[in-house]
Amino acid sequence: MEEKKLYTLLVYSENVAGILNQVTAVFTRRQVNIESLNVSASSIPGVHKYTITAWSDEDQIVKITRQIEKKIDVVKANYFTDDQLFIRETGLYKLATDKVLANPEISRTVRRYEASITEVNPTYTIVMKHGVTEQIIDLYRALDAYGCVLQYTRSGRIAVTRGKQEQVSEFLEEREKNIKP
């Protein structure tokens, strides 16, 4: 059996209701758990971008990608490994202000991880960190060791390909050439 790796799927679709349900249903039918999901408008007017991460083997992720691409409203779907993408996430940490003030090592830890304090009030301090998944989780573990974390969350992954333009742009340009007389 092939080894499971974390894959990122970039799916582009028209902006229509119900397409997210259709895309996630493909994962459900194949019993592959979605690790993170981010949906937003893309740089192409009228086209939305889904960034989906899942642990899978390559054979399974190829099948999932093909099934997603068969959906009527999907323009293009591709899968990638981490080395093929520029990836970022955001972590938010709500810390107990009294503990932050009592222990200067907490502030030093925030600076050492190149995070920023975005809000401070008498009850809590909000820290924000941008980076890759491992960096965000590492900061959580470091802060949690001080017993000061009240809440923690991280965003879904956002990603762009390392190529000059999105592969969907190339696909759409080629499609336009074939449609025009």
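**Close-up views of a predicted model**

**View 1. The crossing of helices α1 and α2.** Helix α1 (residues 19-29) and helix α2 (residues 58-69) have axes that come within 10 Å of each other and cross at roughly 150 degrees. Because angles over 145 degrees count as roughly antiparallel, α1 is described as roughly antiparallel to α2. The crossing of α1 past α2 is right-handed. On the α1 side, the contact is made by V23, V26 and F27, and on the α2 side by I64, Q67 and I68. By residue type, this contact between α1 and α2 comprises five nonpolar residues, one polar residue and no charged residue. The model shown in this and the following views is predicted.

View 2. T97 belongs to helix α3, which spans residues 97-102. The relative accessibility of T97 is 4%, and T97 therefore counts as buried, the cut-off for this class being under 20% relative accessible area. Two polar contacts of the T97 side chain are of interest in this view. In one, a polar atom of the T97 side chain lies 2.9 Å from the backbone oxygen of Y124. In the other, the side chains of T97 and T125 make a polar contact at 2.9 Å. When neighbours within four places in sequence are left aside, the residues in contact with T97 are V120, N121, P122, T123, Y124 and T125.

View 3. Y140 is located in helix α5, which covers residues 133-144. With a relative accessible area of 25%, Y140 is partly exposed, a class that lies between the limits of 20% and 50%. Residues up to four places away in sequence not being counted, Y140 touches Y93, V149 and Y152. The view may also include V110, which is 30 residues from Y140 along the chain. The C-alpha atoms of Y140 and V110 are separated by 10.0 Å.

**View 4. The whole protein, for orientation.** The protein contains six helices and nine strands. Of its 181 residues, 41% are buried. Among contacts between residues at least 6 apart in sequence, 74% join residues that are at least 24 apart.

Conventions:
Residues numbered from 1 in each chain as written. Predicted model: local features only at pLDDT ≥ 70, side-chain atom pairs only at ≥ 80, totals over all residues. Heavy atoms only, no water. Axes fitted to C-alpha atoms, helices over the stretch in contact; angles between N-to-C directions. Helix = DSSP H or I, 4+ residues; strand = E, 2+ residues; numbered from the N terminus. Parallel < 35°, antiparallel > 145°, perpendicular 65-115°, else oblique. Left-handed = near helix turned anticlockwise from the far one by under 90°. Contact = heavy atoms within 4.5 Å. Nonpolar A, V, L, I, M, F, W, Y, C, P; charged D, E, K, R; others polar. Buried < 20%, exposed > 50% of the residue type's maximum accessible area, 1.4 Å probe, protein only. Polar contact = N/O pair within 3.5 Å; in protein donor to acceptor, adjacent residues only side chain to side chain.
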